[in-house]
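Please look through the sequence and the model below, keeping backbone angles, helix packing and aromatic rings in mind. The paragraphs that follow take up these topics in turn.

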Amino acid sequence: MEQRSGYGKLNKSAVKPWLIVMLTGMLTACLVGPDYHRPTVSVAAGYKELAGWTAASPADAAPKGDWWTDFHDPLIDRLEPMVAVSNQTVRQNFANYQQALAEVKVARSELFPTIGLTGSASRSAGGSAGTSGTTGRAVNTGALEGTASWTLDVWGQVRRLIQENAATAQADEATLANATLSEQALLATTVIELRLSDAEIDLERQTVDAYRVTLAIVEKQAAAGVTLAPPSVVITARVALETAQASLISFGVARAQYAHAIAVLVGKNPEELDIAHSTEMPTLPAVPAGVPSTLLQRRPDIAAAERIMASQNAAVGVAVAAYYPTLSLSGAAGFTQTPLAGLLNAANHVWSIGAAGTETVFDFGKRHAQVEAAKAAYEAAVASYRGTVLAAFEAVENDLSGLRILAEQADALDIAVRDATRGTQIALAEFQAGTVDYTIVAAAQETQLADQQSALLVRENRLADAVSLIADLGGGWSDDKLHDPLK
């Protein structure tokens, strides 16, 4: 190969076979490192708690898309779509996903040559000493050159890096879906808690009214000189009323906090969102659980963990590729001329082409350590994936058992509330008849209030468990929604 100081003529017949060999080698290059295979996980044929749990009504499939509409709450229906747009946690995860997509493009660019263009011009003058002084003529010099360099991905290091970044991008997309689902579930749960506060306020108002009626009866009995209504009984009835009135005020604190939390979840300042008091609780939906194996496709957090595994597996290949030599091509072509006039004339054309190879001979175990670190990171990702799957099964089992047990408790409390209400009515009638003292009435009223509050709390817990079950089943999401960042 004949070459002249970077520019000049090159024997093309000698270059051509060598270039063909290099390009053919690149096109048929292997991918070093392990190919990815999803590790197996143990999956039961059915949920342990499903046998004892019955959906509220028949349903053919798990919730899809706008799962929150099954709760039939206008506030939830209005606010849930805002989470995907305005929630700051979701927006942060969206930005992370966009960054990951950009990293894929950066990695893909390494497969292609880098092309540059440089130009220069200079003016200089020479001279000679004579009796009349120094004289000379100015000379203009110019050059225009295009350059190209290309590092061949012979061993697949760049392609493994692309695989790593693409899997990371899909993991970030799944994380975005999981964050959206989590924030939407949190919003639904917070609305349910706010509805419970409204229901508790209504119950406490009814209690205040009942205690006011009881106080009036006691005061009337005391004024009539009834022996079962001494002054101490009047004070006791009055204190019960005043305590209930204080409790009614205290419920406003929790309600305000829930309203503020709802505003933040939809990306608003608390003062921007007014939520009217409502006496209607959301409807308890039917949630078919399906079979455990479907969780592997339906939960975005599982998909994220699986994609991280794939990313770490590709990272092993990137580390292994460091053992192999790096091969690169470079070339330049352009024009150079002195003087500057006529720079682009064919006679001024110059070019060069070259190849280079580098190989690390000894690095004191650095590459070996990098490979071992990458393998360890992969094993950690495998453990994280399997742990995420187990946690998902546990969460669904907890939701199913919670719904089953709470349903039984709700039935028992319905009976207790009915009997306690009837007991209060009887005690108050007997007190008016003068057959029992006021302590019987007070005890009956306290029992009735406690049972009614417990019934409300169980109702809220059932609704919250339904939200949790829907979220733990993936909220209708599926891993086939993940986009391929290489397309």
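Does Phe364 count as buried or exposed? In this predicted model, Phe364 has a relative accessibility of 74% and therefore counts as exposed, the cut-off being over 50%. Phe364 lies in the loop between strand 6 (349–358) and helix 8 (366–433), and its phi is positive, about 60°, although it is not a glycine. Most residues other than glycine have a negative phi. His72 also has a positive phi without being a glycine, in this case of about 55°; His72 is found in the loop between helix 1 (12–27) and helix 2, and at 56% relative accessibility it counts as exposed.

After helix 5 comes Gly267, with a positive phi near 75°.

The aromatic rings complete the picture. The structure holds 5 aromatic pairs; one of them joins Phe431 and Tyr438 edge-to-face, with 6.1 Å from centre to centre and 70° between the planes. Both partners lie under the 20% cut-off for burial, since Phe431 has a relative accessibility of 1% and Tyr438 one of 4%.

How values were computed
Residues numbered from 1 in each chain as written. Predicted model: local features only at pLDDT ≥ 70, side-chain atom pairs only at ≥ 80, totals over all residues. Heavy atoms only, no water. Phe/Tyr/Trp six-rings, centres within 6.5 Å; stacked < 30°, edge-to-face > 60°. Buried < 20%, exposed > 50% of the residue type's maximum accessible area, 1.4 Å probe, protein only. Helix = DSSP H or I, 4+ residues; strand = E, 2+ residues; numbered from the N terminus.
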